Amino acid sequence: MTDQPNLIEMRGVSKHFGDFQALKDVSLDVKLGERVVICGPSGSGKSTLIRCINRLEAHEAGEIVVDGVTLTQSQDSPDKIRGTVGMVFQQFNLFPHLTVLENLTLGPRRVLGLSEDEAKARAMLHLERVQIPDQADKLPRQLSGGQQQRVAIARSLCMEPRIMLFDEPTSALDPEMIAEVLDVMTELATSGMTMIVVTHEMGFARRVADKMVFMDKGEIVEVGTAEDVFTAPKSDRFAAFIKQILNH
Amino acid sequence: MKRVIVLLPLLLILSGCSGNWGWYVVDPTTTNGANNLHFMATGAYNTILMSLTAIIISVIAGLLVALPGLSEKKAWRAFNRTYVEIVRAVPILVLILWVYYGLPQLSGITLNVFWAGVFALALSDSAFQAEIFRAGIQSISKGQYEAAQSISLNYRDTMRYVILPQAIRRILPALGNQLVYMLKMSSLVSVIGMQELTRKANELVVSEYRPLEIYTILVLEYLVLILIVSSGVRWLERRMNSSEA
């Protein structure tokens, strides 16, 4: 892993929402093929951090380089990282008026310029990967939460991104549906996809994370391998957080 | 159905005092009555054509005015507010007169009665359409924009494939109301000589001296048109909802 190039480099990144400082001087490198899990209490800046990477938020200070492209601080340059970064949201954010298949083919057709047949073939490939090819013609509302989130993952994959961002992908799911989504994400991790996952699923983190990042109050408090940080957390804040998560 | 129940007693009252009525002017069994009815009905063509043309233009104009209203740039929003506030403040009748009699002097462009009417109706309605579209688009959650952005859709495609299809479903009842409103307001274009339902009725009253009967028929004509429109809108809503269910 160490000899891989950096796919994402963040240097001294800061971000405010009004008076609230969401990110304080955050630096983080993510290498090609690396699986990073970010955890921390709510309001710690985890979501803001990954939303800066795909330009859903503009950072104010510092530098973010994604796949060799330096993101400017204004929000008007998302085209340059077009197709590089995929994102899965807590609330799925599927397009409710489109069928599963249409949700998956919209981006490839309109952005990548694929023909309808090519886009459909690609969509079916990814639906099989997330194990719901039989739901292709249904509308999102006809699916369970777990199925909807898997469609959302497939929708991102159809754009063939180099990096996948997950913003608390299982937090809105009923407990019995969490496993099916985590299984898909684990499979994706095994296939070599570069992933940044914001989650409190510590079992998943232990299984797949190359790097664990703990954030609190807009700062990165601790970074280490999953094994290191779980067995011997260096900071008191992380130790307390892990204790809370595992005992709840 | 509810409207039919309300109408029935009304018709009974009307038929009960037939002594005061001169229904002969619109009695379809007589030649004169049939001719009169036919004369009145021919206005429907212009009423419908004018309303439909105006609603199509006002929907497009409304959307074009609504979009800058959603912009993050202050100047665009100011354009939207100014347009809406000014256009909404002018009474439709005044606008019709101004476009037909005033505009030619101002610009040298002379519109015929039909296009002057359509232009005034569409202009007036576009301010309301803009507000309807703005509210409809604003009701779509931020997550939809973010999802569109995460698959790199540009602004145009985001609007066309993601936001507007959802917004239009939500504002369909309001758009239906605007069409009903437009059908009624088109009667005002009679003042500049447009040969539509109201104008025809007015002309007939002048020659037949039976305003009560003729205007009653006129009321029924609008009622029928509007019942057809509102049931059409309801059908469309049901169809859209069932395709989503």
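Trainee: What makes the meeting of the D157(B) and R110(A) side chains a salt bridge?

Mentor: The N to O distance is 3.1 Å. A salt bridge needs a side-chain nitrogen of Lys or Arg within 4 Å of a carboxyl oxygen of Asp or Glu, so the pair qualifies. Two salt bridges are counted between chain A and chain B.

Trainee: What are the ground rules here?

Mentor: This is a predicted model, where local features need pLDDT of at least 70, side-chain atom pairs count only at pLDDT 80 or more, and totals for chains, interfaces and linings use all residues. Residues are numbered from 1 along each chain as its sequence is written, chains are lettered from A and ligands numbered from 1 in the order in which they are written, and side-chain values use heavy atoms, with hydrogens and water left out.

Trainee: How many residues does each chain bring to the contact?

Mentor: Chain A brings 24 residues and chain B brings 21 residues. Contact means heavy atoms within 4.5 Å.

Trainee: How much area do chain A and chain B bury between them?

Mentor: About 2000 Å², with 54% of it on carbon and sulfur atoms. Buried area is the accessible area (1.4 Å probe) that two parts lose on being put together, summed over both. In chain A, the residues that lose the most area to chain B are F95(A), H97(A) and R110(A), together 30% of what that side buries.

Trainee: Why is the pair Y100(B) and Y101(B) called edge-to-face?

Mentor: Rings of Phe, Tyr and Trp (its six-membered ring) pair if their centres lie within 6.5 Å; planes under 30 degrees apart are stacked, over 60 edge-to-face, the rest tilted. Here the centres are 4.9 Å apart and the planes stand at 75 degrees, so the pair is edge-to-face. F114(B) and W115(B) also form an edge-to-face pair, at 5.2 Å centre to centre and 90 degrees between the planes.

Trainee: Is F114(B) buried or exposed?

Mentor: Buried means under 20% relative accessible area, exposed over 50%, partly exposed in between (1.4 Å probe, protein chains only). F114(B) has 14% relative accessibility, so it counts as buried. W115(B), at 41%, is partly exposed. Y100(B), at 24%, is partly exposed. Y101(B), at 49%, is partly exposed too.

Trainee: How do you know that the charged end of R155(A) sits over the ring of F95(A)?

Mentor: The test asks for NZ of Lys or CZ of Arg within 6 Å of the ring centre and within 35 degrees of the ring normal. R155(A) is 4.6 Å from the centre of the F95(A) ring. In chain B, K200(B) lies over the face of F39(B), at 4.7 Å from the ring centre.
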